[in-house]
Structures are given as structure tokens and as C-alpha cells.
Amino acid sequence: MFKILKKTQFSEKVFEFRVEAPRMAKKAHAGQFLMVRADETGERVPFTFANWNPEEGWIEFIFMVVGKTTQCLSQLNEGDYIRDITGPLGKPTEIEGDRVAVIGGGVGLAIAYPVARMLCEQGKKVSVIMGARSKDLLILVEQFEALPLEGLYITTDDGSMGEKGVVTLPLARLCETEAIDSAFAVGPVPMMKFSARTCREHKIPIIASLNPIMVDGTGMCGCCRVEVGGETLFACVDGPDFNADLVDWDDLAHRQASYKAEEAASIKHHEEACACQK
């Protein structure tokens with residue numbers, strides 16, 4: 001049983017839990033994830049570590065209400081207990097290069113933040129690009145602003161905050177001005193796909209943190225398989241970070257679309273946005 005120490009609501013459907021987990025907090029690294037089961041009859045769902053404190057013995061994760069399990073979690077409050085949390089799972093994020101762009105979209109910003117913080121602690125020059133459909137869906141803005149960044153760029157689809165458009169707009173400018181020599185992207189599949197395309201055009205290596213459907217988090221179920229460089233790999237044990245240039249984005253989008261009906265519309269939106277840049 002894991003006690004909820006703090007509950008934060010970012011928007012109507014996005015929440016953050018701080019959970020008491022001293023052993024996990026001592027082992028967590030940026031980019032890794034955990035598996036959560038709300039109660040005895042619940043399914044297991046993956047969430048990435050958004051933050052952790054080994055001295056105080058807690059970890060934090062952020063989730064969006066999209067189904068039965070996350071709806072159940074959202075109804076829990078401070079002082080309540082979560083039945084099972086397993087982690088850390090997956091490989092920690094490792095990024096080469098001294099000038100790195102960290103690109104996060106939507107709830108993927110929960111993963112982008114600890115990665116950006118880690119890179120800053122390593123002494124790298126870090127630029128962060130934050131993207132969301134609207135201002136109310138942007139999370140962790142104050143936390144990003146507190147980091148010693150080279151630049152912080154915000155985009156929203158509706159222009160309610162920052163630049164109107166998608167994350168590839170400021171990313172292309174950073175590439176064109178040679179302000180970065182590597183990149184990291186996490187968020188919706190279309191966003192990562194077109195971030196990878198933008199970096200490829202400028203010969204900038206980019207790592208993507210993939211988020212396919214997972215069941216057990218140990219590689220046994222096979223649900224999180226992804227095609228990378230013509231090889232079938234498993235995001236839970238081989239990732240979740242992969243060379244974005246080698247990812248079969250169409251295959252991944254097809255798998256995700258089985259669970260997310262809006263995927264095709266999102267891809268079309270990004271294709272139209274990218275076309276407008278040219």
C-alpha cells in the first residue's frame with residue numbers, strides 16, 4: 001500500500017500525486033516509469049516519474065483521466081492509499097551533446113521536466129519547447145521556468161499562450177541557427193514523428209521516449225512492441241527511449257489508434273501545420 005501525500009489538480013482531467021515510496025525514490029532516474037494498480041481488481045497502468053526526493057522518501061507522477069483506472073485514481077485524495085506501485089522500470093534517459101533541445105507535448109511534459117532538470121545538472125545548455133492544445137493543458141510551467149535554461153519556448157494550438165502553432169516551429173528555428181546539437185522528444189506520437197522529421201532535415205540526432213500501450217511492464221505481454229530500425233523491440237524493457245530516426249512512426253500510430261480514435265485527426269493537424277512552415 002502506498003500513501004498519497006499530496007494531490008494536485010492541473011486541469012479538469014490532469015492530476016499529480018505525490019506518493020510515499022522511500023525505496024523507489026532512492027532508485028529513480030529521469031526517463032524511467034512505474035506501474036500502478038489502484039486496487040485489488042484494477043488493471044496495471046504505466047506512468048513516468050515526474051519527480052522524486054530520496055531524502056524525504058516520495059515520488060510523483062502525473063496522469064490524465066482517459067479511462068476507468070485513471071478515473072478511479074482521480075477520485076483518491078491525500079491520505080488515501082494506492083494498492084500497488086512497481087518501479088523504477090525501463091532504462092534511464094541518456095543524451096549525448098552539449099546543447100540539447102527538450103521537447104514535451106501535453107502530459108509528456110511530466111517526462112520532459114526531469115529530463116531537462118537532469119541535463120541542466122550535467123552542465124549542458126538546455127532549451128525547452130513546451131506544447132499543448134491550449135493554455136489550460138500546459139503543466140509544470142513554473143517548474144521549467146525555475147531551471148537554468150538557454151531558452152523556454154511555449155506553443156499552443158489555439159494561441160492562448162506563447163506562440164500559436166506546434167512545437168516544430170521553434171524546433172526548426174533552433175536547428176537552423178545551430179543552437180542545438182541533439183534533441184529529446186516526448187508526447188503524442190504525431191508530435192514526436194514530426195519533431196524527428198524536423199531534426200532529420202537538419203542532421204540533428206533526436207531521442208524519443210515512446211508511450212505504447214503496456215500491460216505488465218516486464219516485456220512478457222508484448223503489447224508495447226515497437227519497430228525500431230527494422231527490429232521488433234519492447235518499450236518497457238528496451239526503452240522507453242529510442243533513436244527517433246529509426247522508429248516506424250506509422251506502425252506505432254496504427255497501434256495507438258486502436259485505443260485512441262483521435263490519432264488520425266492529430267496526425268492530419270500536424271501535417272497541415274508542418275506544411276504551412278514550408
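Trainee: Why is Trp-52 called buried?
Mentor: Trp-52 has 16% relative accessibility. Buried means under 20% relative accessible area, exposed over 50% and partly exposed in between, with a 1.4 Å probe and protein chains only. The value is under the cut-off, so Trp-52 counts as buried.

Trainee: What should be kept in mind about the model itself?
Mentor: This is a predicted model, in which local features need pLDDT of at least 70 and side-chain atom pairs count only at pLDDT 80 or more, while totals for chains, interfaces and linings use all residues. Residues are numbered from 1 along each chain as its sequence is written, and side-chain values use heavy atoms, with hydrogens and water left out.

Trainee: What makes Arg-117 a residue that lies over the face of Trp-52?
Mentor: A charge sits over a ring if NZ of Lys or CZ of Arg is within 6 Å of the ring centre and within 35 degrees of the ring normal. Arg-117 is at 5.0 Å from the ring centre of Trp-52.

Trainee: How many aromatic pairs does a search of the whole structure find?
Mentor: The search finds 8 aromatic pairs. Rings of Phe, Tyr and Trp (its six-membered ring) pair if their centres lie within 6.5 Å; planes under 30 degrees apart count as stacked, over 60 as edge-to-face and the rest as tilted.

Trainee: Why is the pair of Phe-47 and Phe-63 called tilted?
Mentor: The centres are 5.8 Å apart and the planes make 45 degrees. Phe-47 lies in strand 4 (residues 45-53) and Phe-63 in strand 5 (residues 58-64), so the pair ties together parts that are 16 residues apart in sequence. Strands here are DSSP runs of E with at least two residues, helices are runs of H or I with at least four, and both are numbered from the N terminus. Both Phe-47 and Phe-63 are buried.

Trainee: What kind of pair do Phe-49 and Trp-52 form?
Mentor: Phe-49 and Trp-52 are 6.2 Å apart, centre to centre, with 80 degrees between the planes. That is over 60, so the pair is edge-to-face. Phe-49 is buried, at 0% relative accessible area.

Trainee: How do you know that Glu-178 is exposed?
Mentor: Glu-178 has 62% relative accessibility, which is over the cut-off for exposed. Glu-178 lies in the loop between helix 5 and strand 12 (182-186).

Trainee: What is stated about phi of Glu-178?
Mentor: Phi of Glu-178 is near 55 degrees, a positive value in a residue other than glycine. Most residues other than glycine have a negative phi, and most peptide bonds are trans. Lys-203 also has a positive phi, near 60 degrees.

Trainee: Which peptide bond is cis, with omega near 0 degrees?
Mentor: The bond from Gly-87 to Pro-88, and Pro-88 lies in strand 7 (residues 84-89). The bond from Gly-239 to Pro-240 is cis too, with omega near 15 degrees.

Trainee: What makes the link between Glu-227 and Thr-232 a polar contact?
Mentor: A polar contact is a pair of N or O atoms within 3.5 Å; within protein, one must be able to donate a hydrogen and the other to accept it, and residues adjacent in sequence count only if both atoms are side-chain atoms. The side chains of Glu-227 and Thr-232 make theirs at 2.6 Å. Glu-227 is found in strand 14 (residues 225-228).
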